[in-house]
Amino acid sequence: PQSVGDTPAYVIYTSGSTGKPKGVMIEHRSIANTLYWRKNYYGFDQSDTALQIPSFSFDSSVEDIFTPLISGSALLMIKQDQRFNLPHLNRIIREHRVTHFLIIPHFYQTLLREIPDSLGTLKTVTVAGDNFTRQLVTEHFETLPDTRLFNEYGPTENSVCSTAYEFTRE
């Protein structure tokens, strides 16, 4: 008999690196492992507020939604059509004192340049889903020297994240 951990938790559709669309079944055990690892690695707790930015069709939204929930953190979800609205993001990041978010690198660079004064409550920023440059890392630490910066990478089949790297100013 199959244990609960071996049963599918969800199916997500991706083209991944192959460019050929496919459905990927993620088992409960696999995504639970990823979520508890993230909770501990990033230090989520009851004092935190996570802002969920990626589209629900992107696999990282699973991390964004469930890591705060298993940690007792507040989860701030915004309407999907407001994800790239800078005045809206500026207001809610300030009002809710956001401490964590996962974001694509190019959009994060836009936030650093356009609304840097609103980002001071961030404890961690995780960039994922696209390439980034050394310039982004430099701008991050020039703007937010006390905020930890990470890069996550992994194929959907590995329950969103396989590797994580913490950048330093150096």
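What volume does the largest pocket have, and which residues are the closest to its centre?

Author: Happy to take you there! This is a predicted model, where local features need pLDDT of at least 70, side-chain atom pairs count only at pLDDT 80 or more, and totals for chains, interfaces and linings use all residues. Residues are numbered from 1 along each chain as its sequence is written, and side-chain values use heavy atoms, with hydrogens and water left out.

The largest pocket has a volume of about 550 Å³. On a 1 Å grid over the protein atoms alone, a pocket is an open set of points where a 1.4 Å probe fits, with protein on both sides within 12 Å along at least five of seven lines, and lining residues have an atom within 4 Å of a point. The volume is the space filled by probe spheres set on the points, which are joined across faces, edges and corners.

Of the 26 lining residues, Phe58, Gly129, Tyr153, Gly154 and Pro155 are the closest to the centre. β1 (8–14), α2 and β7 each give two or more residues to this lining; helices (H or I, at least four residues) and strands (E, at least two) are DSSP runs, numbered from the N terminus. By type, the lining divides into 9 nonpolar, 11 polar and 6 charged residues. Here Ala, Val, Leu, Ile, Met, Phe, Trp, Tyr, Cys and Pro count as nonpolar, Asp, Glu, Lys and Arg as charged, and the others, Gly among them, as polar.

Now to the second largest pocket, with about 160 Å³ of space. Its lining includes Arg134, Phe141 and Tyr165, and α5 gives the most, with 5 residues.
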